[in-house]
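User: I would like to go through this model and ask what stands behind the words used for it. Please give the value each time, and the cut-off where one is needed.

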Amino acid sequence: MIRNSVVLKLWLTIIALVVFVLSLLAVFLEQLFDTYFYSSQEEALTNRAAYISNLLVRETNPSLAITISEELLKESNSHMYIIGPLFSQRDSNYLDDFPPDIRQKLLNGEPVLRRGTTPGFGNFKSETNSAWVFYPILEQNRLRAVLLIHQPVAEIEKAIEQIRRLIFFAAAVGAALTTGLAFVVSKNLSRPVIQMTKVAEKMAQGDFHGKVNVVTGDEVGRLGHTLNFLAESLAETIDHLSKEKEQLSGILLSMTDGVVSADLDGKVTLANPPAQKWLRALLLKETGSPGDDRLPKQLDDLKNRVLEDPKTKVTELNWQGRYIALTMTPLYEPGREAVRGVVAVFRDVTEERTLERMRKDFVASVSHELRTPLAMIQGYGEALLDEFGDDPEQRRELTHIILDETHRMKRLVNDLLDLAQLEAGQFELHTSEIDLASVVRSVGRKFQTLAHERGLDFRVDFDEHESYPIVGDSDRLEQVLTNLIDNAMRHTLSGGAVTVAMQKEEHYVRVSVSDTGEGIPEEDLPFIFERFYKVDKARTRSKGGTGLGLSIAKNIVQKHRGEIVVSSALGKGTTFTVILPLLQKDAPLHA
């Protein structure tokens, strides 16, 4: 309790100090008064003894001298004895009763003082505590006798006792007054300290709104002002830091790029969600255990290079087919050149690489698709201008070739325009409630003759008595099915089969176009719906097509809130499946 209370500590310290000083002063005063009173009494006794000694030596009438001396001593309640042959001329051995040191003093004419009920030698005794003086009676410098006077010290002791009580009473009163005063002083001195302690405790807990009530201008008051100023400054600083932290946290959380910082040992100190995902994936591949508290080996090696040469390092990682651009920069201690860690930024540049490749492929594909028909048109046009051949049939054949190539270029341009509108969101669908069975039936009739000419077994398989209501654009859905069936027939040899099947499920209708053709290699399946992508890497014109049909079909199906998937086995055939949502009861008519 006392150890934890400033008021009690200060109060007890002041009290202990005052009590010690007053006690010391009381003892000192007591000793001083004791010494003063006893010294005064001894001095008075010595003076009386000297007077009586002179009186006894000068007076010729011994009886008169003794009577005067006794009367004189009665006033002070004193008694006297004469030791030795004062009034006779014979010698005596009275000095033999005195100790040698006392005897020597008396022979030298020095008085001897004692205190107590006895002087300590001889047969002299007093009923009360007394002061004793042995005074030498000298005549012509020769010791004639010794005068003994004793006086009780009861009155002096009574006076000293009263003075002692007075001193200790004053000390007690002083201690009591000091106790109250010390409590008030300690309370006043400790109050701002206690306030400052509470304010400091609140500051330690994050509350910087506490204030110290400063009422004095002394050191404690200045300390209170300083603490208030410190609290305000810390509140502003913490507020700024909190805002900066929230801003930084918001920036990091909203970034699609991964940001991670690590210390010199490679321990991760900060990572936003994209970075945590990459770290877990890399550590899972590297150690078999997902975690985000340490840098993977690839990043740790780059960190060591940055620490060896504190400069920004840029590299690119290839992870599971994704291209990751990595920039790592050293972090320095504030105000010093010492490196305390690194910060790395991950950026997935796969889309950029893909877009760049698609741009190059697009230019190459368009150039390839346009160059051949343009060359043929140019060649046959120049031949016609040069009046090549005299046979009208031959000239008509050249004209048909030019017309076919023109139609081919027109289809390519139309496909490009359709695809651009679909991807830009400007493609309009004229949706209505339709029966998908009628669309499938119509498309099937168109390809019956072509399938017969190519020697293919073409079948349309679905329940004729079942309705397949959907919301969509019948022309665009017919375009999708036409493209899929046309592709299937072009890639199926004579004697093969092409099947269009439709199956109704709870909320969806599934339309599949299957063939027994050459199939698609597994590595080409992820890219089959990209623009100008052809499995035929040589881009032969024997099977026609612009390479845009599947991309357009996928966009149209997605506009109908559906999906298109493909499965294929090389040498066995391919199946494209279109999944469209059925019209639900009370559902709005929109695509």
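**Helices, sheets and single residues**

Analyst: Helix H10 passes H11 in a right-handed crossing. The model is a predicted one.

User: Why are H10 and H11 called roughly parallel to each other?

Analyst: The axes of H10 (residues 436–454) and H11 cross at roughly 30 degrees, and they come within 10 Å. Angles under 35 degrees count as roughly parallel, and therefore H10 and H11 are given that name.

User: Which residues of H10 meet H11?

Analyst: On the H10 side the list includes Leu436, Val439, Val443, Phe447 and Leu450. On the H11 side, Leu477, Leu481, Ile485 and Met489 are among them. By class, the contact of H10 with H11 has 11 nonpolar, three polar and five charged residues.

User: What is known about the crossing of H11 and H12?

Analyst: The axes of H11 and H12 cross at roughly 145 degrees and come within 9 Å. This crossing is left-handed. Arg476, Gln479, Val480, Asn483, Leu484 and Asn487 in H11 meet residues of H12 that include Leu550, Ile552 and Ile556. The contact divides into seven nonpolar residues, four polar and one charged.

User: What does H11 lie across?

Analyst: Helix H11 (residues 474–490) lies across strands S11, S13, S14, S15 and S16, and runs at about 25 degrees to S14. These five strands form an open sheet in the order S11-S13-S14-S16-S15, and the pairing is mixed.

User: What makes S11 and S15 edge strands?

Analyst: S11 (457–461) and S15 (563–569) each have a single partner strand, so one side of each is left without a neighbour in the sheet. From one strand to the next, the twist averages 10 degrees.

User: How do you know that S14 and S16 pair?

Analyst: Two strands pair if there are at least two bridges between them. Seven bridges join S14 (residues 508–515) to S16 (residues 573–581), and the two run antiparallel. At least two are needed and seven are found, so S14 and S16 count as paired. As an example, Ser512 has Thr577 in S16 as its bridge partner.

User: How many bridges join S15 to S16?

Analyst: Seven bridges join S15 to S16, and these strands run antiparallel. Here Val565 stands opposite Thr577 in S16. The hairpin of S15 and S16 has three residues between the strands, and in it Gly571 takes a positive phi near 85 degrees.

User: What makes the phi of Arg561 worth a remark?

Analyst: Most residues other than glycine have a negative phi. Arg561 has a positive phi, near 60 degrees, and is a residue other than glycine. Arg561 is placed in the loop between helix H12 (549–559) and S15.

User: Why does Arg561 count as partly exposed?

Analyst: Buried means under 20% relative accessible area and exposed means over 50%, with partly exposed in between. The value for Arg561 is 46%, so Arg561 counts as partly exposed.

User: What is Arg340 in contact with?

Analyst: Leaving aside neighbours within four places in sequence, Arg340 is in contact with Ala262, Asp263, Leu264, Leu331, Tyr332 and Glu333. The C-alpha atoms of Arg340 and Leu307 are separated by 9.3 Å, and these two residues are 33 apart along the chain.

User: What is the order of the open sheet of four strands?

Analyst: The order is S1-S4-S3-S2, and the pairing is antiparallel. S1 (79–83) and S2 (112–116) are the edge strands, each pairing on one side only. The twist in this sheet averages 20 degrees from one strand to the next.

User: How do you know that S2 and S3 pair?

Analyst: Five bridges join S2 to S3 (residues 130–139). At least two are needed, so S2 and S3 count as paired. One of the bridges has Val112 with Phe134 in S3 as its partner. Helix H2 (residues 62–74) packs on the sheet and touches S1 and S4. Helix H3 (residues 100–107) also packs on the sheet, touching S2, S3 and S4.

User: How many helices and strands does the chain come to?

Analyst: The chain comes to 12 helices and 16 strands. Of its 591 residues, 34% count as buried.

Conventions:
Residues are numbered from 1 along each chain as its sequence is written. This is a predicted model: local features need pLDDT of at least 70, side-chain atom pairs count only at pLDDT 80 or more; totals for chains, interfaces and linings use all residues. Side-chain values use heavy atoms; hydrogens and water are left out. Axes are lines fitted to C-alpha atoms, for helices over the stretch in contact, and angles run from 0 to 180 degrees between N-to-C directions. Contact means heavy atoms within 4.5 Å. Angles under 35 degrees count as roughly parallel, over 145 as roughly antiparallel, 65 to 115 as roughly perpendicular and the rest as oblique. A crossing is left-handed if the near helix is turned anticlockwise from the far one by less than a right angle, and right-handed if clockwise. Ala, Val, Leu, Ile, Met, Phe, Trp, Tyr, Cys and Pro count as nonpolar, Asp, Glu, Lys and Arg as charged, and the others, Gly among them, as polar. Buried means under 20% relative accessible area, exposed over 50%, partly exposed in between (1.4 Å probe, protein chains only).
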